[in-house]
Amino acid sequence: MNTAQPPPGASRPGGRTARTRQAVLDAAFEELGTGGYAALTVERIARRSGVHAATIYRRWRTTERIVCELMVDISAEVPLPDTGALADDLRALARSIAAFYAEPRFRGLLEAVVSAAAREPAAADVLREFFDERLRLAGRMVHRAVQRGELAAGADANEIMAALGAPFYYRLLIARRPIDLRLADRAAEAAWTAARAGVFTCGAQDAGSGRAGSGYAGPEGAEFGGAGSEDAEPGNAKGGR
């Protein structure tokens, strides 16, 4: 285990490095609201934040990396519900997503991140890791639903969450139309109905098609489903990104 201590202020709340990071991210968010992603530059962020441009370049190197880190921070504020029923969890999560993207600046941030990921490999890695982590955390809702007997043990959490989120990103990035509660409720209902019907259940058909190991790894890494393991007991291998 690595026991090395971080440098003073590197990770301590209120430390200089933490304050510098927050100032830069706050400034980037304000700049996105003022001029949009097309006008975002390190120099603009430096002027607004009071952090020297050289410091920003040294830590982030590009605006793409800044907006991706900002997206990770802000999106983490969307709560993951635990109502006791998956249908209600999905509806609550969908409504939280709708409320999040009702703010124009958050929609602009999403567009900026997608644009950044298309041009900057490091930004794409950050975005991928972010969504992997959110899927892992949201997968706990599916794990609880399996334990309650709402879904079969082979329920694929990634597919269920993808079905829930896809209508939002189509509406925002392709159709370019606003998000509303009607969309949220329909997305939740569709994801729940399909999950309950077994559309996203890994099992014998996956084994026959060579998709071994495609089941959902629960929050402790216990795989549900996958080839020949539909009724497997949770293991203790580590999950994660």
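**Before you start**

The model is predicted: local features need pLDDT of at least 70, side-chain atom pairs count only at pLDDT 80 or more, and totals for chains, interfaces and linings use all residues. Residues are numbered from 1 along each chain as its sequence is written, and side-chain values use heavy atoms, with hydrogens and water left out.

**Stop 1: the whole chain**

Colour by secondary structure. Helices (H or I, at least four residues) and strands (E, at least two) are DSSP runs, numbered from the N terminus. Of the 241 residues, 42% count as buried. Buried means under 20% relative accessible area, exposed over 50%, and partly exposed in between (1.4 Å probe, protein chains only). Contact means heavy atoms within 4.5 Å. Among contacts between residues at least 6 apart in sequence, 60% join residues at least 24 apart.

**Stop 2: the core**

Select Leu90 and Leu151. Of the 63 residues in the largest nonpolar core, these two touch the most other members. Helix α5 (residues 86-101) gives the largest share of this core, nine residues. A nonpolar core is a set of buried Ala, Val, Leu, Ile, Met, Phe, Trp, Tyr and Cys residues joined through side-chain atoms within 4.5 Å. In soluble globular proteins, nonpolar side chains tend to be buried together.

Now show what surrounds Leu151. Leaving aside neighbours within four places in sequence, its contacts are Leu86, Val142, Ala145, Val146, Ile160, Trp192, Ala195 and Arg196.

**Stop 3**

Rings of Phe, Tyr and Trp (its six-membered ring) pair if their centres lie within 6.5 Å; planes under 30 degrees apart count as stacked, over 60 as edge-to-face and the rest as tilted. The count by this rule is five aromatic pairs. Start with Phe100 and Tyr101, an edge-to-face pair at 4.9 Å centre to centre, with 80° between the planes. Then move to Phe100 and Phe106: this pair is stacked because the ring centres are 4.4 Å apart and the planes are at 10°. Phe100 is buried at 9% relative accessible area. Tyr101 is buried too, at 3%.

Arg105 lies over the face of Phe29, 5.0 Å from the ring centre. The rule for a charge over a ring: NZ of Lys or CZ of Arg within 6 Å of the ring centre and within 35 degrees of the ring normal.

**Stop 4: the largest pocket**

Select Ile97, Phe131, Arg134, Gly165 and Tyr169. Of the 22 residues that line the largest pocket, these are the closest to its centre. The pocket's volume is about 450 Å³. Volume here is the space filled by probe spheres set on grid points, which are joined across faces, edges and corners. A pocket, on a 1 Å grid over the protein atoms alone, is an open set of points where a 1.4 Å probe fits, with protein on both sides within 12 Å along at least five of seven lines; lining residues have an atom within 4 Å of a point. Helix α8 (157-175) gives the largest share of the lining, seven residues.

**Stop 5: Pro81**

Pro81 sits in the loop between α4 (63-75) and α5. Pro81 counts as buried, at 15% relative accessibility. Beyond neighbours within four places in sequence, Pro81 is in contact with Asp89, Ala92, Leu93, Met141 and Arg144.
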